[in-house]
Amino acid sequence: MTTEKELYTNGTQKVVVSLRLKRLLIAIFASLAISAWVILQAGGQLPAFRSSRQNEQPGASEKNTRCGKTRAIVPSFNGSFDLILHDPEFKKRSIENLAKAVQIPTEIQDVNPQPSENHEYYRYFYQFHHYLQHTYPLIHKYVTLEKVNELGLLYTWQGSEENLKPILFMAHQDVVPVERKTWDSWKYPPFSGYYDEETDLLWGRGSNDCKNLLTAEMDAIEQLLKDGFKPRRTVLMSFGFDEESSGHLGAHNLALFLKERYGKDGIYSIIDEGFGVISLGDDLYVAAPINGEKGYADVVFTVNGHGGHSSVPPDHTTIGVAAELITLLEKYTFDFDFEVDNPLYGLLTCVAEHSELVPESLKKTILGASGDSKKKAALESYLATDPRFRELIRTTRAVDIIEGGVKSNALPEVASFLINHRIEIHSSVNETMEHDLKYAKEIAKKHGYGLSYNNNTIEPETDLGFIEVSVTYGLEPAPMSPSSGPVWDLFAGTIQNVFENGVFAEDPEADFYISTTLISGNTDTRYYWDLSKFIYRFVGSLMDPEILKTLHSVDEHVDISGHLSATAFIYEYVINASENI
C-alpha cells in the first residue's frame, strides 16, 4: 500500500500526494534547480504546449491537451544524423575535440581587463582560438570568422538566400575558475579532459558549461560542410569570452556588432546554453528548453556614520544599524505571485496529464487551476510552502557581501552590504526597489539617519549620518519567447525528431513531450533581446541530476551520449531551418 502525506489544506480543498509522487517531483526539481538553473515551465500563453499550427502541419502538437505530442520534422537532406549518434569514429573525434577544449584553462574572473590592455591575461583564449582553427579546418576555410573586441568569435556561414533571416547559435569560451585548494578533491585533474570509456563520461572544468555546447556546434557545422550541405539560410555562431562574469566584454559587444549588421529583430532564432531533456520515470521524457529568464538586481546598502573610540559607543554602531536592516529585509520577503501564465504551471500540467503517479485529487487541482480560483489558490499554497517550488513564484533576495570596521578599538564609520535579487517574471527592478526602500526608510527613521537612493536625497542627512541605497546592476525579466507559431514549431519539431527517431528509436515505449521553461539565472542572451523574439536556451541532451550537481563545482563532467545528441540536434536544426522556409 502506498503511504500518502498531506501537503497542504486550503479551506475544504485538500490535496494529498503519495510519497512515490513526491519522489517524482523531487527528481524533476532536483534537475531543474541545480546550479542556479532553476527551471520554470514557460510560454506566456495557454495552453502552453499547443502549437498554433494545425495538426497536419509539421511540428504541430495534438489538440485538446495542454501538453500535446509534437510532430517530428524530418529533413529531406540525407546526411550524417545516424552517423553522429552511432558511428564509433565520429564519437572518437567528438571526444577528442571536447577533451582538447577542456584542457585549455580559459578561466575568467569577476573583474577582467579589456583584451587590448592585457594580452597576457587572456593568453589561454588565444591558445583556444588556435585550437579551434586547427581542429575545424573546413569551418575556417569556408565560414567567415570575425573577432569582436579581439576575443569574441563570430562565425558566418553565408546562406544562398540573403533575404532569409539567419539562425544564431551561441556558447561561451570561458569557464569559472577552479579553486586551487580543491584540485586534490577532483577525481581526475580539472583540466585533464579525461574520458572514462567504462562510464562514457568526460571530466574537467568546462566539460558541461559550456565547451560541450561550443564543440557540439562546431562539430555539427564541420560535419555539414563535409557532407556538402549548402544552407539557404545563413548560419551564425557567436562565442563570448566572459559569460561567467556577466558578458560585459564579450557578448555585449558581439550583440552590438550583430545588431548593427542585421538590425532589430534581424535574427530568425537564437539557440544558447540552457536546459535539456528530463526523465519523469516510466519511459516518460520531457524536453525543457528555456524561453525566458528572471530579472536581476544587485543593490548596495551603505550606512554612513561617524567614528570614535570603542570605549564610548553609541546605542547602535553603523554595523548594528546595517544588521538590523538586514534582519528586517530577510524577515519580510516578497509576496508569492502564482498565476496560470507562470511558466511553472505548464510543466505541472505536463506531469499531471501524462504521469500515472499523480493522484486524481492533485491532477484535478493542477488542471483545474486555470479556471477555478479556489484550485489556483490551493496550488499556490502548496508551491509557496515547498522549498522546491517557492522561489519560482516570487522575487528573491540574498545577502551576499558585507563590509564594515577596520580596527577593534575604533567605531566603524561605514558599514555596507550587497543584496542580490532574482526578480519574478511579472515584477520589475523598480517594484523590487520599492520593496527594499520601504524597510530602509523604516530603519532610517527609527535610528535618526538620512536616506538617499541612487544619489537622490529622500531624507536629508542628519548629525548621525545617512543610509545610502544604490542599484549597481539591474536587469528586467527577459521577454518570453513564443511557444507557438512557425518558428517554435520548427524548433520543437526538430527536437522531437532527434529524440523520437534518433535517441529513442530503439525504445518504442518511450513517451516524449516538449515543454518550455524559465530560469532564475541569466545567460549571455540578455544582450540579444533586440535581435530576435525567438530565443531558446537548450542543449539537446538527456539531463542527469547527479551530473548537473557538478556544474561550477568539483568533478564537473558530461556524458558523451548526451553530447552526441546535442550535436545531432544542431545538425538537424540547421538543415530544417533551410528546408522549411
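Which residue in S18 is the bridge partner of Gly-450? Select Phe-466, which is the bridge partner of Gly-450 in S18. This is a predicted model, in which local features need pLDDT of at least 70 and side-chain atom pairs count only at pLDDT 80 or more, while totals for chains, interfaces and linings use all residues. Residues are numbered from 1 along each chain as its sequence is written, and side-chain values use heavy atoms, with hydrogens and water left out.

Now extend the selection to strand S16 (residues 450-453) and strand S18 (residues 466-475), which pair in the parallel sense over four bridges; two strands pair if DSSP finds at least two bridges between them. Helices (H or I, at least four residues) and strands (E, at least two) are DSSP runs, numbered from the N terminus.

Next, show the open sheet of six strands, whose order is S14-S15-S13-S18-S16-S17, with mixed pairing. At its edges lie strand S14 (396-404) and strand S17 (456-459), each of which pairs on one side only.

Then select helix H9 (residues 343-354) and helix H10 (residues 360-368), which pack at an angle of about 140° with their axes 9 Å apart; axes are lines fitted to C-alpha atoms, for helices over the stretch in contact, and angles run from 0 to 180 degrees between N-to-C directions.

Finally, select strand S4 (residues 144-148) and strand S5 (residues 152-157), which run antiparallel and are joined by five bridges. In their hairpin, which has three residues between the strands, Asn-149 takes a positive phi near 55°.
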